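The entries follow the order in which I looked things up.

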Amino acid sequence: MADNSFDLIVIGGGPGGYVAAIRAAQLGLRTALVEREHLGGICLNWGCIPTKALLRSAEIYRNMQHAASYGLSAGQIGFDLPKVVARSRGVSAQLQGGVKHLLKKNKVTVIEGNAKLAGGGKVAVEGKDTLSAPHIILATGARARVLPGFEPDGKFIWTYKEALVPDTMPKRLLVIGSGAIGIEFASFFNALGADVTVVEMMDRVLPVEDEEISAMARKSFEKQGMKILTGAAIKGIRKAAADVTVSVEAGGKAHEISVDRVITAIGIVGNVEGIGLEGTRIKVEKTHVVTDEYCRTGESGIYAIGDIAGAPWLAHKASHEAIICVEKIKGLPDVHPLDMGKIPGCTYCHPQVASVGLSEAKAKAKGYQVKVGRFPFMANGKAIALGETEGMIKTVFDAKTGELLGAHMIGAEVTEMIQGYVVAKTLETTEAELMHTIFPHPTLSEMMHESVLDAYGRAVHV
């Protein structure tokens with residue numbers, strides 16, 4: 001059994017699992033990682049990475065259609081869907097190879113197969129030997145939640161997996177759910193010419209975002225040709241030979257929407273089945289494993305990170321939890337629990353949306369007196385030069401202390417800019433430090449400075 005004994009076993013090779021394994025190996029722990037399907041997990045293979053590749057193709061296609069506004073000419077503009085998809089899959093394959101190389105470089109033992117807890121610090125891998133370790137991290141991720149009656153059928157009903165490798169370009173598409181996943185696919189297919197309808201049960205699109213940002217996003221999506229129904233309820237579906245008709249109620253009205261394809265994006269379900277949780281003291285709530293601030297479960301020596309451990313379901317949250325968990329296991333000093341208020345969220349639709357911290361409404365609900373700053377893209381020189389004048393930067397401060405409570409953005413490249421505010425929150429920066437910071441010109445980031453200034457009545461360029 002000597003070769004099957006480790007200091008740490010990680011079950012799942014996604015952005016939580018493989019990062020945990022690499023960090024553990026760096027700290028001198030003999031580490032094994034068991035993955036049943038693809039290294040890199042859903043994020044790298046069927047989520048974050050391939051969707052961004054698709055959206056980049058859509059972005060270039062959109063820009064080509066507006067070449068004349070930049071003084072350029074382009075004829076016979078079109079796209080080849082199989083090649084667009086092939087590029088996306090190629091990007092994922094390249095990065096999957098990179099993860100495999102990093103694990104090998106760090107001398108992590110990688111085992112392919114289905115793993116489950118076998119009690120007493122043991123992990124049974126189907127068809128292979130049983131492994132043992134005093135510490136086991138569950139990083140099994142999650143899968144798409146299925147709406148009853150809308151089970152993926154390989155033809156009309158898609159989840160994100162089918163939507164990433166479409167067999168055809170739908171002329172009419174219905175997207176159920178307007179969170180990040182749903183709205184990104186809506187953006188992609190709309191850019192390539194599909195007639196897209198988005199149905200959302202909440203009262204606004206991108207419901208986790210600041211209300212003002214959500215309203216701007218909806219206005220932009222509708223300007224691009226999307227149809228959006230909010231406060232909606234799905235009542236049924238009828239399948240025909242060539243299409244499907246979905247019954248929806250919204251705004252007190254009944255709608256019959258006939259489309260070629262339906263994408264369901266209504267959340268995820270934790271992969272808690274078949275991994276040996278039965279008979280343990282591990283608690284599961286709403287398909288997610290309950291953990292403490294250091295990712296420890298109710299069973300000694302067993303931990304959970306990433307999507308299986310609950311919201312927010314983000315790759316960077318999983319990776320950060322991986323570091324916290326492993327460093328705590330190793331006993332390093334000054335290991336800090338994850339601060340949920342400092343996790344940025346990014347949606348790569350057109351226009352992009354990004355945020356960190358409290359929205360204006362949530363800050364007020366928590367009892368803060370707030371100062372709010374706003375700065376529009378249309379007043380920024382770099383945005384005008386880029387031809388990207390749609391958008392806004394919004395900042396929310398504690399009026400008493402100057403603490404940055406939240407930042408919310410919509411517009412070009414905001415998914416890159418948000419990190420400036422994330423660093424500011426991590427450093428517990430106040431409005432004074434942000435005002436005294438020099439932002440380069442001409443850049444989009446100057447709007448971040450102006451938004452801070454605006455919160456205190458000092459904006460210069462608006």
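**Entry 1: terms and source.** I took axes as lines fitted to C-alpha atoms, for helices over the stretch in contact, with angles that run from 0 to 180 degrees between N-to-C directions. Helices (H or I, at least four residues) and strands (E, at least two) are DSSP runs, numbered from the N terminus. I note that the model is predicted, that local features need pLDDT of at least 70 and side-chain atom pairs pLDDT 80 or more, while totals for chains, interfaces and linings use all residues. Residues are numbered from 1 along each chain as its sequence is written, and side-chain values use heavy atoms, with hydrogens and water left out.

**Entry 2: H1 and H4.** I looked up helix H1 (residues 17–26) against helix H4 (residues 81–105) and found their axes 9 Å apart, at an angle of about 25°. H1 is therefore roughly parallel to H4; angles under 35 degrees count as roughly parallel, over 145 as roughly antiparallel, 65 to 115 as roughly perpendicular and the rest as oblique. The crossing of H1 past H4 is left-handed. A crossing has this name if the near helix is turned anticlockwise from the far one by less than a right angle, and is right-handed if clockwise. In contact (heavy atoms within 4.5 Å) are Tyr-18, Ala-21 and Ile-22 of H1 with Val-99, Leu-102 and Leu-103 of H4. I sorted the residues of this contact by class and recorded six nonpolar, no polar and no charged. Here Ala, Val, Leu, Ile, Met, Phe, Trp, Tyr, Cys and Pro count as nonpolar, Asp, Glu, Lys and Arg as charged, and the others, Gly among them, as polar.

**Entry 3: H3 and H4.** I then turned to H3, whose axis comes within 8 Å of that of H4 and crosses at roughly 140°. H3 is therefore oblique to H4. H3 passes H4 in a right-handed crossing. Among the contact residues I listed Ile-49, Pro-50 and Arg-56 of H3, and Val-84, Arg-87 and Leu-95 of H4. By class, this contact of H3 with H4 has eight nonpolar, three polar and three charged residues.

**Entry 4: H11 and H13.** For helix H11 (residues 414–426) and helix H13 (residues 446–455), I read axes that come within 10 Å and cross at roughly 50°. H11 is therefore oblique to H13. Their crossing is right-handed. Met-417, Gly-420 and Tyr-421 of H11 meet Met-447, Met-448, Ser-451 and Val-452 of H13. The classes in this contact are five nonpolar, two polar and no charged.

**Entry 5: empty space.** Rolling a probe the size of a water molecule over the atoms shows where empty space is left. On a 1 Å grid over the protein atoms alone, a cavity is a set of points where a 1.4 Å probe fits but cannot get out; a pocket is an open set with protein on both sides within 12 Å along at least five of seven lines; lining residues have an atom within 4 Å of a point. Grid points are joined across faces, edges and corners, and a volume is the space filled by probe spheres set on the points.

How many cavities of 30 Å³ or more are there? I counted one. The largest cavity holds about 30 Å³, and its lining includes Ala-144, Tyr-160, Thr-264 and Gly-267. That lining has six nonpolar, two polar and no charged residues.

The second largest pocket has a volume of about 810 Å³. Of its 28 lining residues, Glu-59, Arg-62, Asn-63, His-350 and Glu-388 lie nearest the centre. Helix H3 (48–65), helix H7 (211–223) and H11 each give two or more residues to this lining, and H3 gives the most, with seven. I recorded eight nonpolar, 11 polar and nine charged residues in the lining of this pocket.

**Entry 6: backbone.** Most residues other than glycine have a negative phi, and most peptide bonds are trans. I found the bond from Ala-311 to Pro-312 to be cis, with omega near -5°; Pro-312 is in the loop between strand E20 (302–304) and helix H8 (315–330). A cis bond also joins His-441 and Pro-442, with omega about -5°, and Pro-442 is in the loop between helix H12 (431–436) and H13. Cys-295, not a glycine, has a positive phi of about 70°; Cys-295 lies in the loop between strand E19 (288–289) and E20.
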